[in-house]
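User: I would like to go through this structure with you. Could you take my questions one at a time?
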2 protein chains.
Amino acid sequence: MTIRGYFHSGSALVATMLATTSAHAQVERVADYGDAATRIIQTALTDSNAWHRLAYMTDTFGPRLSGSDNLERAITWMLSVMEDDGLVNVRGEPTMVPHWVRGRESVDLILPRETPLAMLGLGGSVGTPPEGITAEVLVVSSFQELTERAAEARGKIVLFDVPFTNYGATVRYRGNGAVAAARVGAVAALIRSVTPVSLNSPHTGAMNYDSTTTRIPAAALSVEGAAMLHRMQDRGQRVVLRLRMEARALPDAPSRNVVAELQGREHPEEVVVLGGHIDSWDVGQGAMDDGGGVVVSWEALRVLKGLGLQPRRTIRVVGWTNEENGLRGGNAYRDRHVTELDNHILAIESDGGVFAPRGFGFTGPDAARAIITAIGQLLQPLGAERVFAGGGGADIGPIMREGVPGAGHQVDGTKYFWYHHSHADTMDKLDPREMAMNVAAMAILAYVVADLPERLPRK
Amino acid sequence: MTIRGYFHSGSALVATMLATTSAHAQVERVADYGDAATRIIQTALTDSNAWHRLAYMTDTFGPRLSGSDNLERAITWMLSVMEDDGLVNVRGEPTMVPHWVRGRESVDLILPRETPLAMLGLGGSVGTPPEGITAEVLVVSSFQELTERAAEARGKIVLFDVPFTNYGATVRYRGNGAVAAARVGAVAALIRSVTPVSLNSPHTGAMNYDSTTTRIPAAALSVEGAAMLHRMQDRGQRVVLRLRMEARALPDAPSRNVVAELQGREHPEEVVVLGGHIDSWDVGQGAMDDGGGVVVSWEALRVLKGLGLQPRRTIRVVGWTNEENGLRGGNAYRDRHVTELDNHILAIESDGGVFAPRGFGFTGPDAARAIITAIGQLLQPLGAERVFAGGGGADIGPIMREGVPGAGHQVDGTKYFWYHHSHADTMDKLDPREMAMNVAAMAILAYVVADLPERLPRK
């Protein structure tokens with residue numbers, strides 16, 4: 001089916017979805033962008049610039065934890081190259097960010113045999129005393145089991161050995177394990193890394209404290225290590241660990257949201273914003289989480305500019321800072337632009353990796369969804385035509401809560417959590433052509449929304 | 001098709017393969033073991049004893065490098081439990097083994113940015129001076145490229161960044177990389193780990209020196225690290241590393257081949273030997289390489305004994321020592337038993353992991369192959385009926401070269417090299433039911449060969 005054919009055959013259904021005939025007209029207009037979409041796809045796929053830029057950035061500056069020199073050097077480099085690209089209004093918008101540092105850290109099995117275990121402290125954790133914490137281990141499989149065995153937990157290191165089911169379900173142990181363990185008198189909390197696949201490869205990520213419980217150190221073991229300790233406990237063996245962590249929070253540090261624009265030719269004050277987060281955890285390279293999201297957004301603007309496709313409205317790329325452990329970038333963006341949010345037409349975030357594109361999730365009124373769905377058809381050659389219910393991203397959450405429609409970039413996530421927040425989040429996992437396909441998908445969505453004669457409906 | 005049906009329908013073809021009518025008769029007799037095979041499979045699959053024994057051994061003693069206390073403690077434990085199982089002639093047959101120790105080791109990227117890289121020294125490597133070796137890196141993709149760029153290699157650390165194609169092809173760089181690099185004046189040799197999949201997880205393994213070149217230190221980087229250094233070089237960046245390794249060879253140490261038997265009721269002097277190697281590298285748990293091979297062999301005897309299936313000939317389980325870095329166990333077995341090798345009917349080795357069984361590779365005369373092929377049909381319920389051309393194992397190589405027919409246990413090897421020689425060779429990768437299936441496959445092959453009225457033909 002041709003793109004135009006799709007709109008005609010679906011028009012009766014689409015009409016019932018539309019709040020206004022104006023929006024209906026917009027849907028029909030989307031098909032006019034078929035040629036532009038084709039040119040964008042062809043151009044994006046002619047080179048591997050996105051992959052090479054991301055490789056240069058991540059190889060040169062390394063992982064980019066909030067507060068680190070790595071992050072600020074990467075931001076400065078990006079701003080400089082954006083200027084070279086001829087983007088406009090290139091700027092770092094300042095915000096203060098948390099500055100947690102890992103320091104040296106280790107977990108040693110002491111009993112029943114001595115051996116070091118692979119581990120990563122969780123982001124935000126307090127450290128241990130310099131001599132470490134040496135204590136017996138209580139392994140549990142769930143919060144429920146900890147509740148049932150609460151009497152056994154006092155003075156122990158609690159290990160949550162919870163197999164990965166899905167990220168949302170399993171990551172609760174990373175977020176809340178320390179509070180739950182402290183509540184029953186534990187002296188430290190460990191988790192099995194949140195991943196479906198492990199090669200003795202631990203995964204970090206944010207954890208929380210609350211105001212009612214003692215702040216105890218928290219770290220992730222590898223799947224392998226956690227499983228072994230669980231087996232030892234199941235055999236009735238006494239398991240003793242020594243945990244050492246130098247982790248500590250330093251005073252907040254200055255950082256910046258990276259911002260650059262392709263200015264609109266008719267309504268420069270109306271903005272389609274797209275981007276990802278420029279910060280990462282302090283392991284691996286932060287290539288897919290989320291250097292890739294920032295770079296494909298940036299490249300989308302470069303491709304549009306190279307094609308001379310200046311839309312009616314402004315397209316703004318943002319590399320938000322501090323998504324991982326504070327969301328200060330997303331909040332600062334909202335605060336700084338709060339008076340302009342009525343003119344934020346759409347916010348698009350890419351923060352799920354830059355594997356083969358699948359489409360977008362969308363959060364907004366039905367009339368707008370009909371238009372996004374129509375644009376999705378332009379992404380068919382990329383296999384990225386699907387528009388899922390609900391979409392957004394952590395960084396655009398603050399402005400979405402102010403009424404800005406949001407789209408979340410969706411890709412093949414099959415292996416995303418193999419790498420996420422670990423030393424394996426590196427360039428070699430990413431494919432140059434798939435990254436280029438994501439550039440095209442982001443560029444087409446942003447361009448069409450920015451160029452349609454009328455604004456995307458808000459209501 | 002029933003098992004008996006298979007033999008009859010195939011009998012015309014089989015007949016042409018047989019050197020003697022006696023061997024033909026043996027093939028027909030194999031079908032008589034259908035009931036025994038069924039009982040063996042049912043019994044082996046009723047429990048997870050193999051998995052639990054291997055887990056206990058690997059959790060308790062850890063990896064088992066030749067010369068280590070870990071290895072000797074595991075051997076002593078195994079001999080003790082074999083006695084408890086009621087096996088006979090349980091003994092450790094002594095041999096001296098190489099005693100290489102890793103010590104502390106590290107690779108730090110110095111330029112273009114400072115960061116530690118994941119690494120494992122290669123087994124047998126010399127160490128560096130205490131201050132390490134700091135040198136520029138030359139990355140090459142092949143021995144051929146090193147030859148072409150030989151003039152650039154002097155005084156540098158050569159990194160062979162060779163993608164995994166198959167083990168045999170890629171492992172040449174691990175084995176011979178140091179000699180090739182030293183020959184062109186390099187001061188150390190690094191390889192990309194020999195694996196198709198990496199989560200920043202380096203793989204060790206044996207490497208060689210020769211008498212004509214300087215012994216330079218050799219280590220493996222992760223796939224991720226090697227790829228990053230290669231990208232840096234491709235960008236024209238100067239790459240400098242500091243390699244520190246305390247690796248050294250200590251005097252040879254005593255070890256033992258683990259031996260136990262189920263004695264034959266008619267020809268106790270005739271032996272079917274089966275086993276794996278009890279030593280491992282010094283990382284992970286040595287669970288699939290090759291604790292699993294030893295334990296499924298051992299369990300095969302326990303199952304047969306439990307069923308009261310005492311064969312005509314003796315079945316001997318052997319856990320050979322020092323397969324990984326010397327093969328002293330396999331050689332010592334040959335030397336000690338050299339006068340008995342005419343009475344070694346078949347040697348079976350399991351050293352490819354204990355994933356879902358597929359069958360056996362076989363090396364021996366056609367008349368014997370016809371019998372092994374017939375026994376394969378008894379393994380159909382396990383999916384292990386295939387008999388591949390050529391088979392054996394490193395540890396049984398020395399006795400196979402003296403004329404003993406050899407069989408190599410074949411399993412689903414899809415992921416074997418993900419884990420092999422790395423910290424990820426651990427129990428969680430192994431499935432209790434698949435291990436039990438391997439026990440059954442090993443037990444059936446060994447039992448039928450040991451019990452057939454006539455010996456497996458040698459010629």
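This is a predicted model: local features need pLDDT of at least 70, side-chain atom pairs count only at pLDDT 80 or more; totals for chains, interfaces and linings use all residues.

User: Which residue stands opposite B:Phe360 in β16(B)?

Analyst: B:Phe360 has B:His409 opposite in β16(B).

User: And how many bridges join β14(B) to β15 of chain B?

Analyst: Four bridges join β14(B) to strand β15 (residues 386-389) of chain B, and these two strands run parallel. Within β15(B), B:Phe388 is the bridge partner of B:Gly361.

User: Is β14 of chain B enclosed or open?

Analyst: Strand β14 (residues 357-363) of chain B is largely enclosed by the rest of the structure, because six of its seven residues are buried.

User: Let us turn to chain A. What is the strand order in the open sheet of eight strands?

Analyst: The order in chain A is β3-β2-β9-β5-β6-β7-β8-β4, and the pairing is mixed. From one strand to the next, the twist averages 35°.

User: Do β7 and β8 of chain A pair in the parallel or the antiparallel sense?

Analyst: Strand β7 (residues 188-192) and strand β8 (residues 218-221) of chain A pair in the parallel sense, over four bridges. A:Ala189 has A:Ala218 as its bridge partner in β8(A).

User: Which strands does helix α9 of chain A touch?

Analyst: Helix α9 (residues 167-183) of chain A packs on the sheet and touches β6 (157-160), β7 and β8 of chain A. The direction of α9 makes about 150° with that of β7(A). Helix α10(A) also packs on the sheet, touching β3, β5 (133-140), β6, β7 and β8 of chain A, and its direction makes about 80° with that of β5(A).

User: Now the contact between the chains. How many residues does it take from chain A and from chain B?

Analyst: The contact takes 24 residues from chain A and 23 residues from chain B. On the side of chain A that touches chain B, the elements giving two or more residues are α5 (49-61) and α10 (223-234) of chain A. The largest share, six residues, comes from α10(A). By type, the residues on this side of chain A divide into ten nonpolar, nine polar and five charged.

User: A change of topic: is A:Asp84 buried or exposed?

Analyst: A:Asp84, which lies in helix α6 (residues 69-84) of chain A, counts as exposed because it has 9 C-beta neighbours inside 10 Å. The C-alpha atoms of A:Asp84 and A:Ala188 are separated by 49 Å, and these residues are 104 apart along the chain.

User: Finally, how many residues of α13 in chain A are buried?

Analyst: Twelve of the 13 residues of α13(A) are buried, so the helix is mostly covered. Among the buried residues are A:Arg369 and A:Gln377. Helix α13 (residues 366-378) of chain A reaches 19 Å from its first C-alpha to its last, close to the 18 Å expected at 1.5 Å a residue.

Methods
Residues are numbered from 1 along each chain as its sequence is written. Chains are lettered from A and ligands numbered from 1 in the order in which they are written. The expected span of a helix is 1.5 Å times one less than its number of residues. A residue is buried if 20 or more other C-beta atoms lie within 10 Å of its own, exposed if 12 or fewer, and partly exposed in between; C-beta atoms are placed from the backbone. Two residues are in contact if their C-beta atoms, placed from the backbone, lie within 7 Å. Ala, Val, Leu, Ile, Met, Phe, Trp, Tyr, Cys and Pro count as nonpolar, Asp, Glu, Lys and Arg as charged, and the others, Gly among them, as polar. Two strands pair if DSSP finds at least two bridges between them. Axes are lines fitted to C-alpha atoms, for helices over the stretch in contact, and angles run from 0 to 180 degrees between N-to-C directions.
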